[in-house]
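Student: Can you walk me through this one? Start with the terms, please.
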Amino acid sequence: MTNKDRKTFWNTLTSFSGQNIPEECEMLTKSIKYPKKLYRFRKADSNSLEAMRTNRLFFSSADFYDDPFDSFCSINWNAVSDGIKNALGNPHLRDAAFDAINKLIGCSKEQLTNYFALRSISEWTEIGSDIIEQTRIEIQKRQRSICFTEKDLNEVLWLKYADNHKGFVLEFDYSPQALLIDKDLRKDLNNAVYFPLYPVYYTNKTYDATNFARAVAIDLSVKNSHPIIRQSVLNSLPQMLWEIERISLIKHKCHEYDKEWRIIHPSVVSKEPTYFSWIPSAVIIGLKTEKPTRDLIIALAKEAKIPNIYECYIDTNNKLRKRRLKS
């Protein structure tokens, strides 16, 4: 997909209200030009080699990614500050908030007034901002995905993700059937049938996720409350459908060379599955992969029943190419 195509996808994604999920899913799928092949760059370490041998792709949370801005929750701090100041400084908003809290936990207006009088509005604003900041980290922990690219001979990616050409690349033939979720897992994954695959959109603009961060902060604040109280609080929050996708699928334009695609875990609640199985159609060995590692990759690829094995080389036009190894 060109970035123009990716922008069309992004505009479609950000237009959704979440009121009709099946219809929106269909619209989103139609906006995507899926590649025939996907590639996953790997360092030739023990974990990556074992994952290749067993045909397993593991989900990673965004807080482990190398880019600190990846799945970064962009927050409008002025809006956060103004919201807290208005909620505590405006008598009508304050009374409405206290009434809502009273209905949930039975705390009287007098008790709440005395509690919030213990600190100034400025102090409460600072506390609220700190909570939102911690929430940003929590949001990254909740987002789990598996990353791919549509380019196998991208020199920058070989440097960045395949240990300076010493690693390898796994090639996958894409089809929806390849991402089919086991029936036994669907109930815990919002009844999703397929693991969703999306392109990443590149832009120097940011996506304002302030409302989502505020909702997650409230969710965290009642996490250890009585289940009835917690559910009542969650029911009072606005729906935040598609927010995980919007935060996960936008990156700075300087990363546009990645041509990235992501499988996003269908659930932010269930930790299962931690991986799914997908047999690669090929493995490509790096230009600088040392012989012992190269021999190990070939042996493990054959054990994993990967049908094609390639090696990188530099052609007479000084271009990075690949060629198939003889059996």
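Tutor: Buried means under 20% relative accessible area, exposed over 50%, and partly exposed in between (1.4 Å probe, protein chains only). Helices (H or I, at least four residues) and strands (E, at least two) are DSSP runs, numbered from the N terminus. This is a predicted model: local features need pLDDT of at least 70, side-chain atom pairs count only at pLDDT 80 or more, and totals for chains, interfaces and linings use all residues. Residues are numbered from 1 along each chain as its sequence is written, and side-chain values use heavy atoms, leaving out hydrogens and water.

Student: OK. How many helices and strands in the protein chain?
Tutor: There are 13 helices and 13 strands. Of the 327 residues, 44% are buried.

Student: Now α13. Which of its residues are buried?
Tutor: I297, I298, L300 and A301.

Student: And what do the buried residues of α13 pack against?
Tutor: They pack against α3 (46-53), β5 (168-173), β11 (282-285) and β12 (308-314). Contact means heavy atoms within 4.5 Å.

Student: What span should α13 have?
Tutor: Its 13 residues, 291-303, should span 18 Å at 1.5 Å a residue, and the end C-alpha atoms are 18 Å apart, so the two agree. The expected span is 1.5 Å times one less than the number of residues.

Student: What comes just after α13?
Tutor: K305, with a positive phi of about 60 degrees.

Student: Switching topic. Where is V193?
Tutor: V193 sits in the loop between α9 (183-186) and β6 (197-199).

Student: Buried or partly exposed?
Tutor: V193 counts as partly exposed, because its relative accessibility is 36%.
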